Amino acid sequence: TRTAAVIPAAGRGVRLGPGAPKALRALNGTPMLIHAVRAMAASRAVSLVIVVAPPDGTPEVKTLLDAHALPERTDFLVVPGGESRQESVKQGLDALPPGYDIVLVHDAARPLVPVDTVDAVIEAVRDGAPAVVPALPLADTVKEVEPADAPGAPEPVVATPERARLRAVQTPQGFHRETLVRAHETVTGEVTDDASMVERLGLGVVVVPGHEEAFKVTRPLDLVLAEAVLARRRL
Ligand code: CTP
Ligand code: MG
């Protein structure tokens with residue numbers, strides 16, 4: 001069995017503020033995308049990485065990947081992304097050559113995921129789960145609200161789900177190739193992760209333990225945390 005990783009990296013990073021597309025922003029001198037690609041290539045099981053680049057940034061991303069050495073066992077492809085994360089992942093899947101029966105989907109915005117987490121996801125897929133997501137228990141209590149129309153207006157609380165049953169999900173999410181392809185071909189409507197598309201097919205999705213360092217770089221404070229984690233690792 002061969003495993004490929006699709007890395008959606010085509011987002012602009014609006015919540016991070018003005019600047020280069022998020023995946024190309026530097027963390028301790030190295031673009032976030034390169035950290036994310038290395039995190040996937042660190043797994044001995046991953047032999048192909050497909051980077052989904054900002055539509056106008058494909059040549060730049062190719063140049064970047066050529067300039068940063070990957071393990072010899074790891075090939076890479078670069079394809080242009082789409083308007084939404086979902087479209088970008090689809091673009092990556094469309095470029096997947098035959099022979100890869102396990103697919104990971106990993107956000108470029110989670111550059112620091114440890115290899116043990118990647119391997120745990122792959123192992124659970126190999127053990128037969130069609131879809132596997134790494135996730136952590138929540139620190140905060142979560143409220144469901146009736147969203148207000150005006151920003152900042154008070155929002156009525158609808159419910160408080162039992163925190164102990166909730167998980168915050170991360171990436172890489174791992175899939176049997178056929179399952180993920182079918183999900184992307186048949187599920188329509190807004191989703192925020194790939195596993196939820198598989199849930200809509202009625203197939204079993206399982207959670208394995210995630211890792212604190214697999215957090216998503218979303219807002220400016222996350223850049224501070226990411227650089228501190230890298231400094232602790234001396235990278
Ligand atoms: N992504 C993508 N194509 C899009 C939108 C997002 O490939 N059209 C990718 C991002 O590059 C990122 C991942 O999906 O690696 C998770 O998305 P998110 O953290 O929301 O990143 P952005 O969409 O870039 O950020 P924002 O929502 O703040 O603009
Ligand atoms: Mg986004």
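Colleague: Which residues come nearest to ligand 1?

Modeller: This is a predicted model. The shell around ligand 1 holds 22 residues. Those that come nearest are Pro8, Ala10, Gly11, Arg15 and Ser88.

Colleague: How do the residues of the shell around ligand 1 divide into nonpolar, polar and charged?

Modeller: Gly counts as polar here, and Pro as nonpolar. On that basis the shell around ligand 1 divides into eight nonpolar, seven polar and seven charged residues.

Colleague: What is the mean pLDDT of the chain?

Modeller: The model scores ipTM 0.99 and pTM 0.97. Residue by residue, 100% of the chain reaches a pLDDT of 70 or more. The mean pLDDT is 97.

Colleague: How many residues of helix H1 are buried?

Modeller: Helix H1 spans residues 32-41. A residue is buried if 20 or more other C-beta atoms lie within 10 Å of its own. Met32, Leu33, Ile34, His35, Ala36, Val37, Ala39, Met40 and Ala41 are buried in H1. Of its ten residues, the number buried is nine.

Colleague: Is Ser47 buried, exposed or partly exposed, and why?

Modeller: Ser47 sits in strand S4, residues 46-53. Buried needs 20 or more other C-beta atoms within 10 Å, and exposed needs 12 or fewer. Ser47 has 17 within 10 Å, so Ser47 is partly exposed.

Colleague: What separates the C-alpha atoms of Ser47 and Arg2?

Modeller: Arg2 is among the residues that Ser47 touches, along with Thr3, Arg73, Thr74 and Asp75, leaving aside residues up to four places away in sequence. Ser47 and Arg2 are 45 residues apart along the chain. Their C-alpha atoms are separated by 7.1 Å.

Note on methods
Residues numbered from 1 in each chain as written. Chains lettered and ligands numbered in written order. Predicted model: local features only at pLDDT ≥ 70, side-chain atom pairs only at ≥ 80, totals over all residues. Near = placed C-beta within 6 Å. pLDDT = per-residue confidence, 0-100. Helix = DSSP H or I, 4+ residues; strand = E, 2+ residues; numbered from the N terminus. Contact = placed C-beta atoms within 7 Å.
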